[in-house]
Amino acid sequence: MSAMRGIKRTAAVSASALALSLFWQHSAGAVGGIVDPSFENRGGGWVATSSVNPKAVINNTGPYRANAGVYKAQLGGHGSLSRDEIKQSFFMAPVLGRPRLSFWVQIPRSATGWRELNVEIKNSRGMTYALKNFTNKDWTEGWRQFRVPLPPDAEFLSNSKPHTAELIFTATGNSKAPFLIDDVHLVAPS
Ligand SMILES: [Ca+2]
């Protein structure tokens with residue numbers, strides 16, 4: 001009997017591993033269904049808001065180039081006090097372990113003004129967690145990739161039911177240089 005139970009348990013684990021594997025394959029390595037992760041569909045799936053120009057938040061215009069493709073999100077950099085934001089509610093499958101948010105950021109140098117970028121995730125119960133924060137001091141010449149583990153909220157960990165989560169990037173400040181974001185994915189635990 002104990003051997004039978006062992007087999008059943010193994011079978012159950014295999015079935016869930018298979019479902020997980022199929023989901024990963026379906027979404028090209030991602031564990032979350034983020035729509036338009038590289039903004040190449042002009043931000044379909046994302047909600048962009050700006051106190052200056054919401055239509056310019058997801059763009060393919062210069063002088064800044066995308067990390068992949070031609071479109072990227074460009075938050076802030078208006079040279080006057082502003083607040084720009086992109087957010088997306090997406091479907092999140094149960095995963096084994098603690099998934100990470102992977103995204104690329106470029107922070108062009110700015111000699112004047114201040115700016116701040118906050119990256120947050122909200123669970124289906126409305127609880128918001130800070131994932132990463134950038135300021136003027138974090139400027140770089142090019143694009144950099146970050147992989148941030150999701151918070152140890154039960155919804156984001158193994159055995160949780162499928163659910164929605166919301167990802168939020170918010171930039172505030174008066175700097176003339178923006179924050180650039182591209183290639184936003186939820187990836188498997190390391
Ligand atoms: Ca892109």
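**Open sheet.** I looked up the strand order first: five strands form an open sheet, β2-β3-β10-β5-β8, with antiparallel pairing. I took strands as DSSP runs of E of at least two residues and helices as runs of H or I of at least four, numbered from the N terminus. I counted two strands as paired if DSSP finds at least two bridges between them. β2 (58-59) and β8 (144-149) each have a single partner strand and stand at the edges, so one side of each lacks a neighbour in the sheet. Within this sheet I checked β5 (residues 100-106) against β10 (residues 179-187) and found six bridges in the antiparallel sense. Leucine 101 has leucine 186 in β10 as its bridge partner.

**Basis.** I note that the model is predicted, that local features need pLDDT of at least 70 and side-chain atom pairs pLDDT 80 or more, and that totals for chains, interfaces and linings use all residues. Residues are numbered from 1 along each chain as its sequence is written.

**Hairpin.** I then turned to β6 (residues 115-122) and β7 (residues 128-135), which run antiparallel and are joined by seven bridges. Glutamate 116 stands opposite threonine 135 in β7. Five residues lie between the strands of this hairpin, and glycine 126 takes a positive phi near 90 degrees there.

**Whole chain.** Of the 190 residues, 30% are buried (20 or more other C-beta atoms within 10 Å of the residue's own; exposed means 12 or fewer, partly exposed in between; C-beta atoms are placed from the backbone). Of the contacts with a separation of 6 or more, 80% join residues 24 or more positions apart (contact: C-beta atoms, placed from the backbone, within 7 Å).

**Core.** The largest nonpolar core has 32 residues, of which Ala73, Leu75, Val105, Phe169, Phe179 and Ile181 touch the most other members. I used the definition of a core as buried Ala, Val, Leu, Ile, Met, Phe, Trp, Tyr and Cys residues joined through C-beta atoms within 7 Å. β10 gives the largest share of this core, five residues. Beyond four places in sequence, I found phenylalanine 179 in contact with residues including Leu75, Val105, Leu117 and Phe134.

**Threonine 170.** I located threonine 170 in strand β9 (residues 163-173). Threonine 170 is partly exposed, because 18 other C-beta atoms lie within 10 Å. Its contacts beyond four places in sequence are Arg83, Glu85 and Asn118. The C-alpha atoms of threonine 170 and asparagine 118 are separated by 5.3 Å, although the two lie 52 residues apart along the chain.

Key. Two residues are in contact if their C-beta atoms, placed from the backbone, lie within 7 Å.
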